[in-house]
Amino acid sequence: MDFIDRYKKAVSNLPEKIKEAEVDIERKKSILIGVSGGQIVKSADSDVTSVYVRASSEKTGYAYTEDLDEEPDKVILKAYNNGIVSDVSKRDVINTPETAFNSGNAPKFEKYFGESGVKYSGIIEKALLLEKIVRDAVPSLRSSYAGIRVDTFSSRVINSKGVDVFFERNVYYAQIKITAELHGENVDAEASVSSGSLERLDFDSLTDRVKDFLRTKMEPGTFRPGEYPVVLSPNVGVNIMMTAWQLFSGFKYCDGSTALKGRLGEVIGSPALSIIDTPFHNSTGYCFPFDCEGTPGRETILVDNGKFTGLMHNLFSASQLNAEPTGNAGRVALLTGNIPTEIIVTPKICYIKPGTRPAGEMLQSMGDGVYITESYDIFHSINIGSGDFAIPCRGIVIKDGKPYRSVSALTICGNLTELFGNVEETGNDLLIDEFLLRSYCVGSPSIRLTKLQVNGK
């Protein structure tokens, strides 16, 4: 009997004092090949299976193990005992077979289900090809690195109510990093893309993004702080969304720790702004058919043409607001050094809806203003409770719709709700990128704002 069968047996024969129990088994296998100068410079692989258990009586406790030989009965009892001594008094909600994901009723996910037979030789070949394409595309290149990573992720959720669901998918992730000489200085640039197969990785888009970024590097100049029309690059929009998605967490809405508390149903942005959370998108290889509670993933429109229309929910937050769960149960919202066991709300693929025009046309329409090309400190520069932000960044001064000079050591300041209200339009260049821990994705196109406070010198 393998360890999964032993857990299935354990949750179906709980001791009387434990009313409910659930097991989420997540396996992450990863292969990485890195190439520089036409040679393999990095090779890594990993295979980790994590077992998350929760058990409830009057309240819920959690346990975690990577020891697949550990007795399931003992792990479940450990979770129950952790609940007894926990300061948190809530009891979690778990799915029934009727409310949990059913792969037979989800044909839209068929193309994402595990692509078997990942070939090591194919990964090496693609990494070598990508690095050569980059070297040929950038004449001022000083150094280049291309990496291809393949992650195989599987999840199984079983519980004492009879739920037993399984899903596996591969994500192919390509990244390039280069250093080029411009204006007598070394300039670093990088780009990444993911796909559901090795063949569909878009190497042309990667090199085009790097070349576009290098074109933004100009002679530096001085800057006068003030309020300007602004265009945010997709990279900057993604960095903002890495934190800003928390505004739409049903868990935070319940406890009042989001700046949007009490505003569901109100207009919070301009008609040009829509924000969506979805379990799959053609622009990425990531796919989330169900969450760590087994709840089916579904598209949720969070902001619809400026109106705050939805929240991301796990089972508990949905029960608190008499809402439908949206398949957004997760464990890691931001970076942490601890093993997260308690279930919270996290996104699946949360993105700002793109528009129809390219960024170049948006810059021309802006006339005079600032094009913010890079931003930093993505997890510490936004206060979700108030919505206030102060984000270090750099960019280009735009005059008459054309690049004039580069400016560094800038800070964009304001409040997220004000930023949402100042969205003039979004571009057609949607970029979706993974969270550093690969548990969700966020996305953004270029964003043109009527005004934004930009500080610098």
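1. The model is predicted: local features need pLDDT of at least 70, side-chain atom pairs count only at pLDDT 80 or more, and totals for chains, interfaces and linings use all residues. Residues are numbered from 1 along each chain as its sequence is written, and side-chain values use heavy atoms, with hydrogens and water left out.

2. F248 and F308 form an edge-to-face aromatic pair, with 5.7 Å from centre to centre and 75° between the planes. Rings of Phe, Tyr and Trp (its six-membered ring) pair if their centres lie within 6.5 Å; planes under 30 degrees apart count as stacked, over 60 as edge-to-face and the rest as tilted.

3. This pair links distant parts of the chain, 60 residues apart: F248 lies in the loop between α5 (234–244) and α6 (250–255), and F308 in strand β10 (residues 307–308). Helices (H or I, at least four residues) and strands (E, at least two) are DSSP runs, numbered from the N terminus. Both F248 and F308 are buried.

4. Across the whole structure, the search finds eight aromatic pairs. One of them is the tilted pair of F101 and F290, at 5.2 Å centre to centre and 45° between the planes.

5. W245, F435 and Y440 form one aromatic cluster.

6. Two arginines also meet rings. For R331, the charged end sits over the ring of Y52, 3.8 Å from its centre.

Methods: Buried means under 20% relative accessible area, exposed over 50%, partly exposed in between (1.4 Å probe, protein chains only). A charge sits over a ring if NZ of Lys or CZ of Arg is within 6 Å of the ring centre and within 35 degrees of the ring normal.
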